[in-house]
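User: I am new to reading protein models. Could you take me through this one, question by question?

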Amino acid sequence: MAQRQAARIRHTRLTRERVLEAAVALADKEGIEALSMRRLGEKLKCEAMSIYNHVADKSSLLDGMVDLVFTEIELPDAGVDWKTALRRRAISAREALQRHPWAVGLMESRRSPGAATLRHHEAVLGCLRGAGFSLEKTAHAYSLLDSYIYGFALEETMLPFEAGAPTAELAQEMMASMPASGYPHLVEFATAHVMQPGYDYGDEFEVGLDLILDALERTNVAAET
């Protein structure tokens, strides 16, 4: 009996890890606007005040949540070329943001970044510097890549359909109220591209990513000559 009770206590004991995981799960399911210490306490079946033993305040909670998302993003692999490494990192980042859409606007906003966040930025900077990018070009490359990743992820959260969902039916519905003679390019784009079998807006991500990486490669090569 005593052993079962001790096991139950260990199972329900609050830890910082449990608090952060529960907060992320809550934000994933209900949105970041639904996150409060009271609501989190309900999810953890504890008093809201108990949470403050593990995070100082709401800002500290958000810091930890963002850091948890950063742990899901693949770090650049030193064993492969920089383009491949940063391509994998970009795809991994987008996938993490698809799982946690609330995080898109928070990833670079924290003033007290955690260890995973710092490790991530250090690895990306090291990848670019190791590839021969100057400090100035490293700044350009990092800004360009992250603007694209976060921008694409943000756009996906605003689309009137789920990621990966067929868009033909939606395009058809939108075109119903669109006079073809007034918007010939929109009609052409919808009928000859978007409404074709197999079209998925998400596929545009890797196309754009490769264009950016190729451009960065040309810029770096030009700087070396």
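User: What share of contacts between residues at least 6 apart in sequence join residues at least 24 apart?
Analyst: This is a predicted model: local features need pLDDT of at least 70, side-chain atom pairs count only at pLDDT 80 or more, and totals for chains, interfaces and linings use all residues. Residues are numbered from 1 along each chain as its sequence is written, and side-chain values use heavy atoms, with hydrogens and water left out. A contact means heavy atoms within 4.5 Å. Among the chain's contacts between residues at least 6 apart in sequence, the share joining residues at least 24 apart is 69%.

User: How many helices and strands does the chain have?
Analyst: Both are DSSP runs, numbered from the N terminus: helices are H or I with at least four residues, strands are E with at least two. From the N terminus on, the elements run α-α-α-α-α-α-α-α-α-α-α. The count is 11 helices and zero strands.

User: Is asparagine 220 buried or exposed?
Analyst: Asparagine 220 sits in helix H11 (residues 204–224). Leaving aside neighbours within four places in sequence, asparagine 220 touches Ala131, Gly132 and Phe133. Buried means under 20% relative accessible area, exposed over 50%, and partly exposed in between (1.4 Å probe, protein chains only). Asparagine 220 has 5% relative accessibility, so it counts as buried.

User: Is glutamate 33 buried or exposed?
Analyst: Glutamate 33 lies in the loop between helix H2 (16–30) and helix H3 (37–44). Its relative accessible area is 67%, so glutamate 33 is exposed.

User: How are the rings of tryptophan 82 and phenylalanine 133 arranged?
Analyst: Rings of Phe, Tyr and Trp (its six-membered ring) pair if their centres lie within 6.5 Å; planes under 30 degrees apart count as stacked, over 60 as edge-to-face and the rest as tilted. The structure holds five aromatic pairs. In this one, the centres are 5.0 Å apart and the planes stand at 80 degrees, so the rings of tryptophan 82 and phenylalanine 133 are edge-to-face.

User: How many residues apart are tryptophan 82 and phenylalanine 133?
Analyst: Tryptophan 82 is in helix H6 (residues 82–99). Phenylalanine 133 is in the loop between helix H7 (115–130) and helix H8 (135–158). The pair links distant parts of the chain, and the separation is 51 residues.

User: Which residues form one aromatic cluster?
Analyst: Tyrosine 148 and phenylalanine 152 both lie in helix H8, four residues apart. Tyrosine 148 and phenylalanine 152 are both buried. The cluster is formed by Tyr148, Phe152, Tyr201 and Phe205.
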